[in-house]
Amino acid sequence: MKIWVDADACPKVIKEILYRAAERVQIELVLVANQTLQTPPSQFISSVRVPPGFDVADNHIVQQCNEGDLVITADIPLASEIIDKGANALNPRGEFYTVENIRQRLNMRDFMETLRSSGVETGGPSSFSHADRQAFANQLDQYLARTAKQ
């Protein structure tokens, strides 16, 4: 199993949690971005720089991840593709995307996009909080503990 990170928009604090987890459980962590990333020296942590472009990092992750891998992303369409491949998707706020909830998330995303394109002010997501960071860390720890037992 590997952990893949859609790293362009991933908060720094989440990357730091992932770095510590990769070292602790000795699992491969791959950050994918269209810019150069600084990662700590580790045999478990690497980064891949993809060319700039729409969905280039997402497409790389989809092509490279395997069933059972974990992908960290807030990108709902990417999460949907990951789930279709049999991998797992966790957003930086600590919510797992699942077969049961991904269609609803896609529909809501499309609805909000339609509102925005018609001129309706929808606002953005709330600021990333300490509670979000804690929820992510808890979900990641529980996931790693479950997969270690398998």
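Me: In this predicted model, a strand is a DSSP run of E with at least two residues. Where is the place of Ile45?

Reply: Ile45 lies in strand S3, which covers residues 45-49.

Me: What makes Ile45 buried?

Reply: The relative accessible area of Ile45 is 8%. Buried means under 20%, so Ile45 is buried.

Me: Which residues is Ile45 in contact with, leaving aside its neighbours within four places in sequence?

Reply: Ile45 is in contact with Tyr19, Ala22, Glu23, Leu29, Leu31, Thr39 and Pro40. Contact here requires heavy atoms within 4.5 Å.

Me: Why are helices H2 and H3 called roughly parallel to each other?

Reply: Helix H2 (residues 56-64) and helix H3 (residues 76-84) pack at an angle of about 10°, and their axes are 10 Å apart. Angles under 35 degrees count as roughly parallel, and H2 and H3 are therefore roughly parallel. Asp58, Ile61 and Val62 of H2 make the contact with Leu78, Glu81 and Ile82 of H3. By class, this contact of H2 with H3 has four nonpolar, no polar and two charged residues.

Me: How do you know that Cys10 is in no disulfide?

Reply: A disulfide needs a pair of cysteine sulfur atoms within 2.5 Å. The cysteine sulfur nearest to Cys10 is that of Cys65, 16 Å away, so Cys10 is in no disulfide. A search of the whole structure likewise finds zero disulfides.

Me: Why do Cys10 and Cys65 count as buried?

Reply: The cut-off for buried is under 20% relative accessible area. Cys10 has 7% and is therefore buried. Cys65, at 0% relative accessibility, also counts as buried.

Notes:
Residues are numbered from 1 along each chain as its sequence is written. This is a predicted model: local features need pLDDT of at least 70, side-chain atom pairs count only at pLDDT 80 or more; totals for chains, interfaces and linings use all residues. Side-chain values use heavy atoms; hydrogens and water are left out. Axes are lines fitted to C-alpha atoms, for helices over the stretch in contact, and angles run from 0 to 180 degrees between N-to-C directions. Helices (H or I, at least four residues) and strands (E, at least two) are DSSP runs, numbered from the N terminus. Angles under 35 degrees count as roughly parallel, over 145 as roughly antiparallel, 65 to 115 as roughly perpendicular and the rest as oblique. Ala, Val, Leu, Ile, Met, Phe, Trp, Tyr, Cys and Pro count as nonpolar, Asp, Glu, Lys and Arg as charged, and the others, Gly among them, as polar. Buried means under 20% relative accessible area, exposed over 50%, partly exposed in between (1.4 Å probe, protein chains only).
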